[in-house]
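I open this entry with the model on screen and go through its helices, its charged pairs and its surface in turn.

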Amino acid sequence: MRHHNEYITATLQRPGARPFTTADEAVDKTAFAPGAVATIGTPDDLVERIKSVLDVSGGFGTVVGFVHDWANPENTMRSWDMVARYVVPEINGYVSGLRKSREFVVNNREFFNRAREAVMAKITENEAAAAALTVTKSPLLAASSGNVPDLDQARARLKAR
């Protein structure tokens, strides 16, 4: 690996230049210098790098990723997993619709809360529906019970009206 860092990478990046003297210098020149040929960092760093290349080039067809033995196999797999989970969806625009939907919900939360209250009022008026709601609060269900309104609170609000 030292041979690669000190001679091959140095020669590729700086033809005729002296070899890198340390692994840290090789990493700095390879990933953090202007015109760097690699990205070392977070998924956000890789997204930023790919977007900057897209801006400069006007677009391209393929990004090629190389695997080096700089990390153990588990950390290498974790890195590629993060690329698949975070970088690829971001670059391909798969999350933009989800962000718009989230923003809509956040900006219109009061409408969703009023709708929930109306639904809960109707449920509490019907004994069979109220009994069914108690079943949905079971932790055995796959749906999160944290978002299910408290039936007792809904009944109390209804009685207070």
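The model is predicted, so local features need pLDDT of at least 70 and side-chain atom pairs pLDDT 80 or more, while totals for chains, interfaces and linings use all residues. Residues are numbered from 1 along each chain as its sequence is written, and side-chain values use heavy atoms, without hydrogens or water.

I then searched the whole structure for salt bridges (a side-chain nitrogen of Lys or Arg within 4 Å of a carboxyl oxygen of Asp or Glu) and noted 5. One of them pairs Glu90 with Lys51 at 3.3 Å, N to O; because Glu90 lies in helix H4 and Lys51 in helix H3, this pair ties together parts that are 39 residues apart in sequence. Glu90 also meets Arg99, at 2.8 Å, N to O. I checked exposure (buried under 20% relative accessible area, exposed over 50%, partly exposed in between, with a 1.4 Å probe and protein chains only) and found Lys51 partly exposed at 37% and Arg99 partly exposed at 47%.

Within helix H6 (residues 109–125), I looked up Lys122 and Glu125, which sit 3 residues apart, about one turn of the helix, and whose side chains form a salt bridge at 3.8 Å, N to O. Lys122 is exposed at 59%, and Glu125 is exposed at 52%. Shared partners join Lys51, Glu90 and Arg99 into one salt-bridge network.

Key: Helices (H or I, at least four residues) and strands (E, at least two) are DSSP runs, numbered from the N terminus.
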